[in-house]
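Subject: Handing over a structure

Dear colleague,

I am passing this structure on to you, with the sequence, and my notes on what was found in it follow below. Please have the two open side by side as you read.

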Amino acid sequence: NELRTLVPEARFAVAHGRMPEAELERTMTAFAAKDIDVLVATTIIQLGLDIPNANTLIVSQAERLGLTQLYQLRGRVGRGRNQAHAYFFFPRHHELTPQANKRLRTIFEANELGAGLEVALRDLEIRGTGSLLGTRQSGHIAAIGFELYCQILAEEVRRLQSDVPTTAYAPATKRAPVLDLPVSAHIPDTYVSGQGTRIALYKKIGDAATVGQIDALEVELKDRFGPLPEPVNELLYVARIRVLAAEAGITSITRMGSDIVLLPERMSSLPVSLNLGPAVRVGNEQVRINTTRTGGKWRSLLMMMLRNSAQGASTTPLTSGP
C-alpha cells in the first residue's frame, strides 16, 4: 500500500510462499508477461525464475540473508539484454555484524561472469568449514583463505600418513581488482551464435593473466569469427585493464558520476606524470579521471596510466595535474 501511494501509476503484485499454488503461478505468469510492473516478494523468488524483462532488484534488510541467498537473488535480474541493477539495503542506523559486512562486501565485489565459485569460497571462509577430519562441526578459516586452508589440510594429511615433514606454505592468491566501467562489454550472439562457445570464450578472457594472452585471444577471435564488433572490443579492453590494474596494485576502478575512480593499495603504486592535465585529480587515497574533460579519450588515458605504473615506466612522484 505504501508503494502504491508513492508510485500510483505502477501495477503491483505480491508473491510469497503461503499463497495457493495456482494464485502464485498466475502472479508469476503475469509478471513475466509484463502485466505487472513491480513484484513485491519474499525470498521465494531466489531460485528457478527466468524473467528477462526483470532488470531491477531491491532487497530490504539484506544483512539478514546468507551469501548464497544474496547471490541467487541477484541472479534473478540481468537475464535479458538490458543493463540490470541490484540494490541491497540495510537499516541506516543498524550496526552490521562482521559476518554481515563480509557478505555484503563479497556480493558487491563478485560482479563478473562465473563469480559463483568465488562466492562459494568466500561463504566457506566466512562461515567456516568445520572439522573436516573429526566430529566437531565448527571452525573458522577466514584468516588464511579457503585455498591455503585446503593446502595446509592436504599437507597435514600426508604428514600423518607418511611422517613427511611439513613444508612452507605459498601465499594466498591475490584477489582480482573490482571493475565497474561505463562500457558495454559482451560477446553478442550475432557475432558468436553458440551459447556454449560464448561461455568458453568468456572463461578464456577471464583466465587471461597477461596482456599478451589477451592480444592472442583477439587474434584468435578475428581469425574464427571475423572483425570484432564494438562490444567485443570493449570486453577485451576491460580484460586488459583488469590485468594492468592487478599488476599496478589497484584494488578497484569504478565509475562515480562522470568520474572514473581508482583506488590503489598504496598511492605510491600509481605514479601520475605531470602532463595529464586537469582531467586527472589526485587525492590522498584515490585518483579520479573526469570523463567529460578528456574529450572522450578517457579509455586511452586510463590505459596509459596503468601501463606506466605496471611497467614501472614512470618514476615521477604522485601529484595532481595543473
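How many residues does α9 have, and how far does α9 reach from its first C-alpha to its last? The helix has 19 residues and reaches 26 Å, which is close to the 27 Å expected at 1.5 Å a residue, where the expected span of a helix is 1.5 Å times one less than its number of residues.

Before going further, please keep in mind that this is a predicted model, in which local features need pLDDT of at least 70 and side-chain atom pairs count only at pLDDT 80 or more, while totals for chains, interfaces and linings use all residues. Residues are numbered from 1 along each chain as its sequence is written, and side-chain values use heavy atoms, with hydrogens and water left out.

**Overview and confidence**

The protein chain holds 10 helices and nine strands; helices (H or I, at least four residues) and strands (E, at least two) are DSSP runs, numbered from the N terminus. Of its 322 residues, 37% count as buried, where buried means under 20% relative accessible area, exposed over 50%, and partly exposed in between (1.4 Å probe, protein chains only). Of the contacts in the chain with a separation of 6 or more, 60% come from residues 24 or more positions apart, a contact being heavy atoms within 4.5 Å.

The mean pLDDT of the chain, that is, the predictor's confidence in each residue from 0 to 100, is 78, and 74% of the residues reach 70 or more. Over residues 313-322 the pLDDT is below 50, and this stretch has 22 contacts in the model beyond near neighbours in sequence. The pLDDT also stays under 50 over residues 166-173, for which the model has 11 contacts beyond four places in sequence. Where pLDDT is low, the predicted coordinates should not be read in detail.

**The five-stranded sheet**

Five strands form an open sheet with mixed pairing, in the order β5-β6-β7-β9-β8; two strands pair if DSSP finds at least two bridges between them. At the edges lie β5 (178-180) and β8 (280-282), each of which pairs on one side only. Neighbouring strands of this sheet are turned by 20° against each other on average, direction ignored.

Helix α9 (residues 230-248) packs on this sheet, touching β5 and β6 (250-256), and its direction makes about 135° with that of β6; axes are lines fitted to C-alpha atoms, for helices over the stretch in contact, and angles run from 0 to 180 degrees between N-to-C directions. The helix is mostly covered, with 15 of its 19 residues buried, and it is followed by Gly-249, whose phi is positive, near 75°.

Within the sheet, β6 and β7 pair in the antiparallel sense over six bridges, and Met-256 stands opposite Asp-259 in β7. Their hairpin has two residues between the strands, and Gly-257 there takes a positive phi near 65°. Because five of the six residues of β7 (residues 259-264) are buried, this strand is largely enclosed by the rest of the structure.

On to β9: β7 and β9 pair in the antiparallel sense over four bridges, with Val-261 opposite Arg-288 in β9. The pairing of β8 with β9 (residues 287-290) is likewise antiparallel, over three bridges, and Val-280 has Ile-289 in β9 as its bridge partner.

**Some residues in loops**

Thr-292 lies in the loop between β9 and α10 (298-311) and counts as exposed because its relative accessibility is 60%. A polar contact of 2.4 Å joins its side chain to that of Asn-290; such a contact is a pair of N or O atoms within 3.5 Å, where, within protein, one must be able to donate a hydrogen and the other to accept it, and residues adjacent in sequence count only if both atoms are side-chain atoms. The C-alpha atoms of Thr-292 and Asp-259, 33 residues apart along the chain, are separated by 8.2 Å.

Arg-76, in the loop between α3 (67-74) and β4 (85-88), counts as buried at 13% relative accessibility, and its side chain reaches the backbone oxygen of Gln-72 at 3.1 Å.

Lys-34, in the loop between α2 (21-32) and β2 (38-41), has a positive phi of about 70° although it is not a glycine.

With kind regards
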